[in-house]
Amino acid sequence: MAKVEWSAGIDSVSGALSKPGKNGQHRCAKMLLGTHRVAETENPNCNRVYLRKKVTRSTPVTTKEMRIRVRFAAVAAAVAARKDSLEYASSDQAAFLAQKDSANGKKTMKSYLWSVCAAAYDAEHPQG
């Protein structure tokens, strides 16, 4: 396995270093992915670099996947709107602080808003 030596000031790299472009654009044909593992090991060289060829989907998008995508987009929009709404600010803050330290409580305000908006979406759109 190759060993990666980083330049001074760079301890590790994690994530996509370059992504393949869309059709017609001049970019890399392969994805360059760097990972850094933080686990306790005997080997201090925990950086790895991978090349991944561009892949195309072989199956069509299913109706279940489309429902999931629509739900995610709707909940994300509701979270963004509710986060900036003064109407819910004080009540959301109080409810978040009340549930934060419970066993199944959401630890961040963002995750709390996602759970509230997802529950509201699911109540309006029952899956049958």
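## Basis

In this predicted model, local features need pLDDT of at least 70 and side-chain atom pairs count only at pLDDT 80 or more, while totals for chains, interfaces and linings use all residues. Residues are numbered from 1 along each chain as its sequence is written, and side-chain values use heavy atoms, with hydrogens and water left out.

## Overall fold

The protein has 3 helices and 3 strands, arranged along the sequence as β-β-β-α-α-α. Helices (H or I, at least four residues) and strands (E, at least two) are DSSP runs, numbered from the N terminus.

Of the 128 residues, 15% are buried, where buried means under 20% relative accessible area with a 1.4 Å probe, protein chains only. Among contacts (heavy atoms within 4.5 Å) with a separation of 6 or more, 32% join residues 24 or more positions apart.

## Helix H2

H2 covers residues 86-99, 14 residues in total, and its first and last C-alpha atoms are 21 Å apart, close to the expected 20 Å. The expected span is 1.5 Å times one less than the number of residues. A kink of about 25 degrees is centred on Asp 92; the bend at a residue is the angle between axes fitted to the seven residues ending there and the seven starting there.

Asp 92 is also one of the buried residues of H2, together with Phe 96 and Gln 99. The buried residues of H2 pack against H1 (63-83) and H3 (109-124).

## The start of H2

Ser 85 sits in the loop between H1 and H2 and is buried, at 17% relative accessible area. A side-chain oxygen of Ser 85 comes within 3.3 Å of the backbone nitrogen of Glu 87 at the start of H2.

## H2 against H3

H3 has 16 residues, and its end C-alpha atoms are 23 Å apart, in agreement with the 22 Å that it should span. Tyr 112, Leu 113, Cys 117, Ala 118 and Tyr 121 are buried in H3, and the buried residues of H3 pack against H1 and H2.

The axes of H2 and H3 come within 10 Å and cross at roughly 105 degrees, so the two helices are roughly perpendicular, a term for angles of 65 to 115 degrees. Axes here are lines fitted to C-alpha atoms over the stretch in contact, with angles from 0 to 180 degrees between N-to-C directions. On the H2 side, Asp 92, Gln 93, Ala 95, Phe 96 and Gln 99 meet Met 109, Tyr 112 and Leu 113 of H3.

Technical notes
Buried means under 20% relative accessible area, exposed over 50%, partly exposed in between (1.4 Å probe, protein chains only). A polar contact is a pair of N or O atoms within 3.5 Å; within protein, one must be able to donate a hydrogen and the other to accept it, and residues adjacent in sequence count only if both atoms are side-chain atoms. Angles under 35 degrees count as roughly parallel, over 145 as roughly antiparallel, 65 to 115 as roughly perpendicular and the rest as oblique.
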